[in-house]
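These are my notebook entries on a structure that I had not looked at before. I set down each item that I looked up, in the order in which I took it.

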Amino acid sequence: MDPYKYRPSSNHNSPFWTTNSGAPVWNNNSSLTVGIRGLSLYLVVISLFFLGNFDLVGNNFPVFFIRDGMKFPDMVHALKPNPKSHIQENWRILDFSLTTQRACMFSFLFDDVGVPLNYRHMDGSGVHTFTLVNREGKATYVKFHWRPTCGVKCLLEDEAVTVGGNNHSHGTQDLCDSIAAGNYPEWKLFIQTMDPEHEDRFDFDPLDVTKTWPEDVFPLQPVGRMVLNKNIDNFFNENEQLAFCPAIIVPGIYYSDDKLLQTRIFSYSDTQRHRLGPNYLMLPVNAPKCAHHNNHHDGFMNFMHRDEEVNYFPSRYDPVRHAERFPIPSSVVTGRREKSIIKKENNFKQPGERYRSWAPDRQERFVRRWVDALSDPRVTHEIRAVWISYWSQCDKSLGQKIATHLNVKPSM
């Protein structure tokens, strides 16, 4: 099959599985906790472009807390409840987040979009920069974005209390009820693309997951849509055992040097083997839906019946041959490879622009949420002062407003 032959159309619909989760922000099974929502897509890419499965693992914000995967465990620990009291507390989150790279993520987290109305009314983003590779081997950086056709809607604090008091699983119930009623949720898939040769032309690092690509420079290009038209029959089998991994790609899509992506393509499969066992990819919900061949005969919970005598390659007794080769991007690297901080952090420009783009009432809600968070009795004067300094560098009036409410003098 020629993976470059087909283009998106209704004649080439692909099945897919999707799940929503509240990780890494602990949410006590509530749909109403402020935090990021996972939106992971397991696309069975059969007749759209390629032959195989592509795991697009992301969330409802286009940025993330960290750019270095080594900090992932610390981030999760800080966002989860206090290990002593099992209470999620602001002082722990704000203490851990006293590095400037978090500013953009917190401009989303403390915004209205921090509590979506439900899953049908929230964006989705692949967050990372991937690489598209054409038949000739030319590479193009790409970001993936999902936009709900019914628009983005959120719950404000008083609304969240009312909705949560009636049904703490309202997001899941809304999704299931909508699908059952034939009111199928739909998202349009957009991409942003960039020539890798232009990577150094901007005042930020395009491979930095704590930054977005400006849409006026890199416009959203529609390439497809997703419609959820069937509820699952068994939650544990078809949802709980889903095992996504950013390393699972298909010909024509490749990784980039995005630091966090490079960590995740290793760590996710390792985590799934620990969680579900070494043969987790044999589970029906995770197994490839296209023809495939491997020599996996052993390991715990291997339930595939195989009677071959040859389980190695190459062999004169087995007609299996090498799979067709597809181009992958290559680049010439000179110099010294080392672990270091990126050169163009520019952590305050985008949060400031985002804040200034809001209507005054939305700005005031953002200020109020930060005042509430920084009023936590265990937030020290030092932590409070640092955060006011950060927001002052994003937007001078923002820092001034927060400082005034807290009766603190702002400092840059």
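Entry 1: I searched the whole structure, a predicted model, for disulfides and found zero. C154 counts as partly exposed, at 26% relative accessibility. C176 is partly exposed as well, with a relative accessible area of 33%.

**Entry 2: overall make-up.** I noted 11 helices and nine strands in the protein. Of its 412 residues, 46% count as buried. I also looked up the contacts between residues at least 6 apart in sequence, and 71% of them join residues at least 24 apart.

**Entry 3: nonpolar cores.** I asked which residues of the largest nonpolar core touch the most other members. They are F65, F106, W370, L374, W387, W391 and I402, out of 44 residues in that core. Helices 1, 2, 3, 9, 10 and 11 are the elements that each give two or more residues to this core. I took W387 as an example: leaving aside residues up to four places away in sequence, W387 touches L94, S97, L98, F106, W370 and L374. I recorded a second, separate core of 20 residues, with M122, F144, I179 and Y255 among them.

Entry 4: I found F96 in helix 2. F96 is buried, with a relative accessible area of 18%, which falls under the 20% limit for that class. Beyond residues up to four places away in sequence, F96 touches I66, K71, D74, M75, A78 and R102. The C-alpha atoms of F96 and L79 are 8.8 Å apart, and the two residues are separated by 17 residues along the chain. In helix 8 (residues 349-356), I listed Q350, P351, G352, R354 and Y355 as buried. These buried residues pack against helix 3, helix 9, helix 10 and helix 11.

- R67 pairs with D208, with 3.1 Å between the closest N and O atoms. R67 lies in the loop between strand 3 and helix 1, and D208 in the loop between strand 7 and strand 8, so the pair ties together parts 141 residues apart in sequence. R67 counts as buried at 6% relative accessibility, and D208 at 3%.
- E215 and R147 meet at 3.5 Å, N to O. E215 is in the loop between strand 7 and strand 8 and R147 in strand 6, 68 residues apart. E215 is partly exposed at 44%, and R147 is partly exposed at 22%.
- E157 and R369 meet at 2.7 Å, N to O. E157 lies in helix 4 and R369 in helix 9, so this pair ties together parts 212 residues apart in sequence. E157 is partly exposed at 35%, whereas R369 counts as buried at 13%.

I also recorded a network of salt bridges that links D112, E157, D361, R365, R368 and R369.

**Entry 5: D205.** Where is D205 placed? I found D205 in the loop between strand 7 (186-194) and strand 8 (221-227). D205 is buried yet has no salt bridge. The nearest side chain of opposite charge is K344, 6.8 Å away, and a salt bridge requires the atoms to be within 4 Å. A polar atom of the D205 side chain lies 2.9 Å from the backbone nitrogen of L207. Not counting residues up to four places away in sequence, D205 touches E199, I342 and K344.

Definitions and conventions:
Residues are numbered from 1 along each chain as its sequence is written. This is a predicted model: local features need pLDDT of at least 70, side-chain atom pairs count only at pLDDT 80 or more; totals for chains, interfaces and linings use all residues. Side-chain values use heavy atoms; hydrogens and water are left out. A disulfide is a pair of cysteine sulfur atoms within 2.5 Å. Buried means under 20% relative accessible area, exposed over 50%, partly exposed in between (1.4 Å probe, protein chains only). Helices (H or I, at least four residues) and strands (E, at least two) are DSSP runs, numbered from the N terminus. Lys and Arg count as positive and Asp and Glu as negative; His and the chain ends are not counted. A polar contact is a pair of N or O atoms within 3.5 Å; within protein, one must be able to donate a hydrogen and the other to accept it, and residues adjacent in sequence count only if both atoms are side-chain atoms. Contact means heavy atoms within 4.5 Å. A nonpolar core is a set of buried Ala, Val, Leu, Ile, Met, Phe, Trp, Tyr and Cys residues joined through side-chain atoms within 4.5 Å.
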